[in-house]
Amino acid sequence: MRSTSKPQAGEGWQRAHSAEQKEQRREAILGAAAELFVERAMADISIGEVAERAGLAKGSVYRYFSTKEEVFLALFIQALGAWFDEIMPLLRGLAPDTSPYDVAALVVRTLAPREPMLRLLASNSCDIEQNLSLEAARASKRWELEHIVRAGEAFEAALPALPEGGGVRAILRLGALVSGLWPMGHPVGPMKKVLAAPKMAPLRVDFYGELESSFGALLAGMCRAS
């Protein structure tokens, strides 16, 4: 029977030469990082652990990514691209009289199965973007510019009352809402225990509920202001 187990670090891999081999190696690194990120926070994951999970030598990872943060930035961009691919045709298929609150509900419904992406978005500016090479930072912003503009056009198609360029602003503001609400809705350490007390109920945040109502109100306000 053919073994499906991953090779041990540094074993079973020849140095990648072709573009296809390099892409396979890069995807193996990202897949390993994604698996580890399900288990614990990015801050608790090392490049060495990513390499070991991928069955690579640690030095092999650095041929593709300069820092751990660049690995997780690539993982975030990959996940964000998949979400754009899902949400854009759904937005374009909505009736022109769809309300901003229905658009917000659709957005949150498609985001809910993507918690790793939301976690990465919540830590992007404060953790990931602090330790990137200039090349990686430029490449990520070029990618965002291209894809967010196209996604913004889909938002404007769904909500014709949005001002020109309002779709891009809506996406950027959605990111800000996620970044702010995620830690409030997912307390950690002693704060999680403190907020679990019944008398602390007013301070607890239902992340998805708050995100939907806040984004709906934001879109409605943008439509009225146009």
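Buried means under 20% relative accessible area, exposed over 50%, and partly exposed in between, with a 1.4 Å probe and protein chains only.

**Entry 1. Ground rules.** I am working from a predicted model, in which local features need pLDDT of at least 70 and side-chain atom pairs count only at pLDDT 80 or more, while totals for chains, interfaces and linings use all residues. Residues are numbered from 1 along each chain as its sequence is written, and side-chain values use heavy atoms, with hydrogens and water left out.

**Entry 2. Lys141.** I looked up Lys141 and found it partly exposed, at 42% relative accessible area. I take a salt bridge to be a side-chain nitrogen of Lys or Arg within 4 Å of a carboxyl oxygen of Asp or Glu. Lys141 forms one with Glu129, with the closest N and O atoms 3.5 Å apart. Lys141 lies in helix α7 and Glu129 in the loop between α6 and α7, so this pair ties together parts 12 residues apart in sequence. Helices here are DSSP runs of H or I with at least four residues, strands are runs of E with at least two, and both are numbered from the N terminus. Glu129 is partly exposed at 31%.

Lys141 also forms a salt bridge with Glu144, the closest N and O atoms being 3.1 Å apart. Both residues lie in helix α7, 3 residues apart, about one turn of the helix. Glu144 is buried, with a relative accessible area of 13%.

**Entry 3. Other salt bridges.** I noted 7 salt bridges in the structure. Glu35, Glu39, Arg40, Glu49 and Arg53 are linked in a network of them. Within it, Glu39 and Arg40 pair with their closest N and O atoms 3.5 Å apart. Glu39 is partly exposed at 47%, and Arg40 is partly exposed at 26%.

**Entry 4. Nonpolar core.** I use the term for a set of buried Ala, Val, Leu, Ile, Met, Phe, Trp, Tyr and Cys residues joined through side-chain atoms within 4.5 Å. The largest such core has 62 residues, and those touching the most other members are Val71, Phe72, Trp83, Phe84, Val107, Leu211 and Phe215. Elements giving two or more residues to this core include α1 (19-39), α5 (100-111) and α10 (207-225). The most comes from α4, with 13 residues.

I then checked Phe72, counting contact as heavy atoms within 4.5 Å. Leaving out residues up to four places away in sequence, Phe72 touches Ala33, Phe37, Met42, Ile45, Leu120 and Ile128.

**Entry 5. Leu106.** I found Leu106 in helix α5, buried at 7% relative accessible area. Beyond four places in sequence, Leu106 touches Ile87, Leu90, Leu91 and Leu94. Its C-alpha atom is separated by 26 Å from that of Ala74, 32 residues away along the chain.

**Entry 6. Helix α8.** I counted 20 residues in α8, reaching 27 Å from first C-alpha to last, close to the 28 Å expected at 1.5 Å a residue. That expected span is 1.5 Å times one less than the number of residues. Among the buried residues of α8 are Gly166, Ala170, Leu174, Val178 and Trp182. What covers the buried residues of α8 includes α4, α5, α6, α7 and α10.

**Entry 7. Record check.** I looked up UniProt, where an unreviewed entry lists residues 23-83 as "domain: HTH tetR-type". UniProt positions are given in the numbering used here, feature names are shortened, and annotations may be inferred rather than shown by experiment. In the model, this span is 74% helix and 0% strand, with its end C-alpha atoms 21 Å apart.
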